[in-house]
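Please look over the sequence and the structure shown below before reading on.

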Amino acid sequence: HRAVANSLGQSPENIGEFLSSLASQLPDRVARDHMAMTNMKKRTNPMASPLAMWDVPYLSGQARGLWFRMDMETVCEYFSLGVAMEGLNELFQSLYGVELVVEETREGEVWAQDVFKLAVKDSTQVLGHIYCDFFRRPDKPIQDCHFTIRGGREKNDGTYQDPVVVLMLNLPPPGWRSPTLLVPSTFDNLFHEMGHAMHSMLGRTK
């Protein structure tokens, strides 16, 4: 009970009820997917063995390609970096009552000109800062990550040390005619890493 008291689940009973509800809806869907992948495998080889665990990633990828023919360039036009950040800001306001506010940086504060600084604020105070290093450049590590510059913690005098973190991606920089567009994998990475960053902002470590 104590481990989940402050989580979205709130109690083991709630979590059990949710999982049971989810599980009751899965058997029919899983059976349909299993049959579809089995038929795909048999079309390739009528004498094929029953569907194996290692067949699933390959065949599910094949199914997505056949069933959901999408022009990714067209899809990406709806998911610019700016639109994604605005969406994240709306989500954070709705879920946590906090907003992301762009702040000016002082000379020498950031390590590259295209790094920008976000303050995370609730209705009364600044909770912390996120430096967003989103764009690729020469000699920059090729990885998507979140890391801490200064951890948040309650100090001995009772005041709180606000956290400072970096969210780093490797996106193409915007051009003169078009913004930075996100493919599904980079869109997913942005949300994933921002989740880590917000965990750092909202946690109140003692």
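Glu109 is buried, with a relative accessible area of 18%, where buried means under 20% relative accessible area, exposed over 50% and partly exposed in between, computed with a 1.4 Å probe on protein chains only. This is a predicted model, in which local features need pLDDT of at least 70 and side-chain atom pairs count only at pLDDT 80 or more, while totals for chains, interfaces and linings use all residues. Residues are numbered from 1 along each chain as its sequence is written, and side-chain values use heavy atoms, with hydrogens and water left out.

**Salt bridges**

- Glu109 forms a salt bridge (a side-chain nitrogen of Lys or Arg within 4 Å of a carboxyl oxygen of Asp or Glu) with Arg106, their closest N and O atoms being 3.9 Å apart, and Arg106 is exposed at 66% relative accessibility.
- Lys117 is buried at 10% relative accessible area, whereas Glu103 is partly exposed at 25%.
- Salt bridges that share partners join Glu103, Arg106, Glu109 and Lys117 into one network.

**Helix H5**

- Helices (H or I, at least four residues) and strands (E, at least two) are DSSP runs, numbered from the N terminus.
- Helix H5 covers residues 184–202 and has 19 residues.
- Its buried residues include Leu190, Glu193 and Met194.

Terms used
Expected span 1.5 Å × (residues − 1).
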